[in-house]
Amino acid sequence: MALDHAILVSLLEKPGSGYELARRFDRSIGYFWTATHQQIYRVLKRMEAEGWVDVRDVPQQGRPDKKEYSVSASGLTALAEWLQKPIQPESVRHELAVKIRGAAFGDPAALVGEVERHRRMHQEQLAHYLAGERRDFGGSGAAGVPKPEAPGPGRPDAERELQHVVLRGGIAYERMMIAWLDDVLATLRRLGPRR
């Protein structure tokens with residue numbers, strides 16, 4: 001996936017300035033697709049030149065005018081074409097997993113602190129996702145299964161449902177990582193320090 005497509009999706013969800021878009025990447029999209037503020041501004045400029053985004057100047061009091069970006073018709077076409085193209089499953093590069101395997105040639109117990117640190121980070125990310133789910137979607141049913149949506153005016157639209165299913169994927173991933181790291185910790189502790 002190119003950064004262009006992530007930006008198009010974000011702008012379709014809500015038009016905004018480059019700064020607002022960069023903040024959105026920091027808060028939500030960045031959990032599954034990262035980009036620096038400079039990369040976002042550079043791609044926005046190119047997308048503007050290619051006609052994928054429309055730009056309008058928004059006057060502001062006491063500050064310079066800002067540029068607000070929205071997706072143009074050709075940007076929507078580009079996104080629709082990209083959505084139709086097949087993609088390959090992603091290869092995982094996991095440095096911690098390599099360290100764990102390498103511990104067989106060193107001291108397995110020496111990795112306990114590092115694995116505990118990773119577990120804490122995944123626990124914090126899970127807590128963040130769950131708080132966002134409660135805030136934005138009213139939480140979920142038993143065992144993480146989403147509450148069925150009632151038909152009618154209160155039913156979320158496709159955008160919200162698809163945002164929620166991506167969030168549930170993040171929640172499932174963090175839970176899987178925590179369970180795996182618990183298994184790794186138990187194994188490292190069982191092996192103990194090498195003499």
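Visitor: What share of the accessible surface of the protein chain belongs to carbon and sulfur atoms?
Guide: The model shown here is predicted. The accessible surface of its protein chain comes to about 13200 Å². Of this area, the share that belongs to carbon and sulfur atoms is 55%.

Visitor: In what order do the elements of the protein chain run from the N terminus on?
Guide: The protein chain has 7 helices and 2 strands. Read from the N terminus on, these elements follow the order α-α-α-β-β-α-α-α-α.

Visitor: Which element gives the largest share of the largest nonpolar core?
Guide: The largest nonpolar core holds 20 residues, and Ile7, Leu11, Phe25 and Ile40 touch the most other members. Two or more residues each come from helix 1 (3–13), helix 2 (18–27), helix 3 (37–50), strand 2 (66–71) and helix 4 (73–84). The largest share, 5 residues, is given by helix 1.

Visitor: Which residues does Ile40 touch, not counting residues up to four places away in sequence?
Guide: Ile40 is one of the core residues that touch the most other members. With residues up to four places away in sequence left out, Ile40 touches Leu3, Ile7, Gly18, Leu21, Ala22, Phe25 and Ala35.

Visitor: Is Asp4 buried or exposed?
Guide: Asp4 meets Arg46 in a salt bridge between side chains, at 2.7 Å from N to O. Because Asp4 lies in helix 1 and Arg46 in helix 3, the pair ties together parts that are 42 residues apart in sequence. Arg46 is partly exposed, with a relative accessible area of 35%. For Asp4 the relative accessibility is 8%, and residues under 20% count as buried, so Asp4 is buried.

Visitor: How many residues apart in sequence are the parts that Arg56 and Glu68 tie together?
Guide: Arg56 and Glu68 form a salt bridge whose closest N and O atoms are 3.1 Å apart. Arg56 lies in strand 1 (residues 53–58) and Glu68 in strand 2, so the parts tied together are separated in sequence by 12 residues.

Visitor: Which helices hold Arg119 and Asp182?
Guide: Arg119 and Asp182 form a salt bridge, with the closest N and O atoms 2.4 Å apart. Arg119 counts as partly exposed at 25% relative accessibility, and Asp182 likewise counts as partly exposed at 35%. The pair ties together parts that are 63 residues apart in sequence, because Arg119 lies in helix 6 (residues 112–137) and Asp182 in helix 7 (residues 158–191).

Terms used. Residues are numbered from 1 along each chain as its sequence is written. This is a predicted model: local features need pLDDT of at least 70, side-chain atom pairs count only at pLDDT 80 or more; totals for chains, interfaces and linings use all residues. Side-chain values use heavy atoms; hydrogens and water are left out. Helices (H or I, at least four residues) and strands (E, at least two) are DSSP runs, numbered from the N terminus. Accessible areas come from the Shrake-Rupley method with a 1.4 Å probe; for residues, only the protein chains shown count as cover. A nonpolar core is a set of buried Ala, Val, Leu, Ile, Met, Phe, Trp, Tyr and Cys residues joined through side-chain atoms within 4.5 Å. Buried means under 20% relative accessible area, exposed over 50%, partly exposed in between (1.4 Å probe, protein chains only). Contact means heavy atoms within 4.5 Å. A salt bridge is a side-chain nitrogen of Lys or Arg within 4 Å of a carboxyl oxygen of Asp or Glu.
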